[in-house]
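Please keep the sequence and the structure in view while working through the numbered points.

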Amino acid sequence: MKDGEIISRVPFPSPNPRVALYLITMWSAGLKVKGLLAEPEGNENLDGFLYLRGGIKNVGMVRPSRIAQFADQGFIVFAPYYRGNRGGEGNEDFAGEDREDAFSGVRLLQQHPRVLNHKIHVFGFSRGGVMALQAGVEFSSIASVVTWGGVSDLTLTYEERKDLRRMMKRVIGGTPAKKEDAYKYRTPLYELEAMKAPVLIIHGAKDTNVTIEHAYRLEKRMKELNKKVETMYYEEFDHVFPPVYNRKTVKELCSWMKMQKADFN
């Protein structure tokens, strides 16, 4: 019952003929958690890519087309659904204990026979941005971290998103004023001293789901700690980029990840 150990692997319909998809059940902190694994065709060894989705429950759920899109760039991709989703055990708690599902995803990729030299990159979108940073802090071996429209401060999310407050109070246990430690626990800005991987921040200035202030706070803290950080800010875009620019940005961030290999050792 090791974290990241695969319990079952079932073929899943793929939208891309060059990429095979599998529905995975893995162990994560004693729970059976589901996710999608994407493998490009062939036997070539490739870098691992952990995809951490945004949202909660069915909002922001992993999309097979998105996972296949990243795999098609030359990665073995794993995307956990997070505990409590699609038949998985347990309950999500918004970057609390469910961070273990991200950590188990790293371990799954480390054990994958086609992942090159255990090299893992971590990508987080929206709420997944917090968990990507948490994974980067947890594993000194992570090759790179990318956050796209990513949350970096849970208290800021509570302040900005009135529509999420009821959910956050229920899942986290109260407001930031009453549960300061619980919000700090979910805010990786306080733990970035342990970050070894270079970080790329992608954000649209018109984003109202996750304001660009999250990106600015992350960039500022990384620079204060003399950590490697790069940014791609877009004045004209909001939380979801137009399809043409989305595809372009995917290629650019994947190229950036692969370039980090030179600094990895």
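1. Leu 21 belongs to strand β2, which covers residues 19–28. Helices (H or I, at least four residues) and strands (E, at least two) are DSSP runs, numbered from the N terminus. The model is a predicted one, in which local features need pLDDT of at least 70 and side-chain atom pairs count only at pLDDT 80 or more, while totals for chains, interfaces and linings use all residues. Residues are numbered from 1 along each chain as its sequence is written, and side-chain values use heavy atoms, with hydrogens and water left out.

2. Is Leu 21 buried or exposed? Leu 21 counts as buried because its relative accessibility is 2%; buried means under 20% relative accessible area, exposed over 50%, and partly exposed in between (1.4 Å probe, protein chains only). The C-alpha atoms of Leu 21 and Lys 227 are separated by 35 Å, and the two residues are 206 residues apart along the chain.

3. Gly 42 is found in the loop between β3 (31–40) and β4 (46–52). Its relative accessible area is 48%, so Gly 42 is partly exposed. Between the C-alpha atoms of Gly 42 and Arg 18, which are 24 residues apart along the chain, there is a separation of 9.0 Å.

4. Helix α5 (residues 165–172) has the buried residues Met 167, Met 168, Val 171 and Ile 172. Seen down the axis of α5, these fall within an arc of 105°, so they line one face of the helix; the arc is that of the directions from the helix axis to the C-beta atoms. An α-helix has 3.6 residues a turn, so residues three or four places apart point the same way. The buried residues of α5 pack against α4 and α6 (180–185), whereas the face turned away from the buried side carries the exposed residues Arg 166 and Arg 170.

5. Just after α5 comes Gly 173, with a positive phi of about 110°. Thr 175 is placed in the loop between α5 and α6. Thr 175 counts as buried because its relative accessibility is 19%. Its contacts, leaving aside neighbours within four places in sequence, are Tyr 158, Lys 169 and Tyr 183.

6. In helix α7, His 214, Ala 215, Leu 218, Glu 219 and Met 222 are buried. They fall within an arc of 130° when seen down the axis of α7, so they line one face of the helix. Their cover includes α3 (127–138), β7 (144–148), α4, β8 (199–204) and β9 (229–234). After α7 comes Asn 226, whose phi is positive, near 60°.

7. The largest pocket holds about 720 Å³ of space. On a 1 Å grid over the protein atoms alone, a pocket is an open set of points where a 1.4 Å probe fits, with protein on both sides within 12 Å along at least five of seven lines; lining residues have an atom within 4 Å of a point. The lining has 33 residues, and Gly 60, Phe 125, Ser 126, His 239 and Val 240 lie nearest the centre. At least two lining residues come from each of α1 (64–71), β6 (115–125), α4 (154–160) and α8 (243–259).

Definitions and conventions:
Points joined across faces, edges and corners; volume = space filled by probe spheres on them. Contact = heavy atoms within 4.5 Å.
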